[in-house]
Amino acid sequence: MQDMARNTDNRVVGEIRQYNTPPNGVHQTIMAALMLMGYDPSEVKTWKNCQKILGLHGEKSFLTQMSKFDPKDVNLTLAVEAKKVIEPYTAEQIHSESHEAASVFIWAENMIKEIESNAGTLGVDKMVPEHNRAKTEIEKPVKNCSTSGISSSIKKQKRKTDTCYT
């Protein structure tokens with residue numbers, strides 16, 4: 001899938017960005033891709049905001065984010081939201097409207113499928129970054145817990161946080 005990102009170049013992104021009013025499905029395609037990359041749906045709801053994001057350079061550029069994207073970093077709920085945005089369209093429809101946006105559509109669609117398949121094997125909680133997960137009854141923090149029987153590398157990590165989970 002990262003090949004798809006490599007095959008999308010600055011020219012393609014520039015051409016997509018040039019639309020004053022994008023063809024049917026193009027805004028939705030870019031919106032879904034940006035949501036997967038971590039943008040809030042409200043940030044990418046308007047085409048004008050999407051154009052600004054598509055114009056970013058460096059580490060925040062669309063292509064850089066696309067090439068560094070790791071589907072394991074996206075929670076299932078967000079992937080389902082992005083899927084709903086592009087669900088009414090097919091790659092063929094997007095291709096007929098904008099050859100440039102078709103590769104982004106296929107990338108987003110494939111990333112969503114991968115996220116969904118990972119969620120099926122890892123469980124939904126594993127797809128939510130740990131700092132966003134609610135602690136379960138089994139996973140309550142305990143201050144100054146015993147570290148007997150824990151390997152030295154884990155003990156070092158424990159010292160940094162001074163919190164264990166039971």
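Q: How many of the residues of H3 are buried?
A: Buried means under 20% relative accessible area; exposed means over 50%, and partly exposed lies in between (1.4 Å probe, protein chains only). In H3, 10 of its 11 residues are buried, leaving the helix mostly covered. Among them are Val26, His27, Ile30 and Leu34. After H3 comes Gly38, with a positive phi near 110°.

Q: What kind of model is this, and what counts in it?
A: This is a predicted model: local features need pLDDT of at least 70, side-chain atom pairs count only at pLDDT 80 or more, and totals for chains, interfaces and linings use all residues. Residues are numbered from 1 along each chain as its sequence is written, and side-chain values use heavy atoms, with hydrogens and water left out.

Q: Which element has the lowest mean pLDDT, and which the highest?
A: pLDDT is the predictor's confidence in each residue, from 0 to 100. Among the elements of the protein chain, helix H10 (residues 152–161) has the lowest mean, 37. Helix H3 (residues 26–36) has the highest, 97. The mean for the protein chain is 76, and 66% of its residues reach 70 or more. Over residues 1–7, pLDDT stays under 50. Over residues 122–166, pLDDT also stays under 50.

Q: How many helices and strands does the protein chain have?
A: Helices (H or I, at least four residues) and strands (E, at least two) are DSSP runs, numbered from the N terminus. This protein chain has 10 helices and 2 strands. Along the sequence, their pattern is α-α-α-α-α-α-α-α-α-β-α-β. Of the 166 residues, 40% count as buried.

Q: At what angle do H3 and H6 pack?
A: Two packed helices are described by the angle between their axes and the distance between the axes. Axes are lines fitted to C-alpha atoms, for helices over the stretch in contact; angles run from 0 to 180 degrees between N-to-C directions. H3 and helix H6 (residues 76–86) pack at about 175°, with axes 8 Å apart. They are therefore roughly antiparallel. The cut-offs are under 35 degrees for roughly parallel, over 145 for roughly antiparallel, 65 to 115 for roughly perpendicular, and oblique for the rest. Residues making the contact include Ala32 and Met35 of H3 and Ala82 and Val85 of H6. Contact means heavy atoms within 4.5 Å.

Q: How do H2 and H4 cross?
A: The axes of H2 and helix H4 (residues 47–54) come within 9 Å and cross at roughly 155°. H2 and H4 are therefore roughly antiparallel to each other. Val13, Ile16 and Arg17 in H2 meet Trp47, Gln51 and Leu54 in H4.

Q: Which residues of H2 are buried?
A: In helix H2 (residues 10–17), Val12, Val13 and Ile16 are buried. They cover an arc of only 95° around the axis, so they lie on the same side of H2. The arc is that of the directions from the helix axis to the C-beta atoms.

Q: Is Gln51 buried or exposed?
A: Gln51 counts as buried, at 17% relative accessibility. Gln51 is found in helix H4. Leaving aside neighbours within four places in sequence, Gln51 is in contact with Arg17, Gln18 and Tyr19.

Q: Where is Lys45?
A: Lys45 sits in the loop between H3 and H4. At 61% relative accessibility, Lys45 counts as exposed. Lys45 is in contact with His27 and Met31, leaving aside neighbours within four places in sequence. Lys45 and Gln28 are 17 residues apart in sequence and 8.7 Å apart in space, C-alpha to C-alpha.
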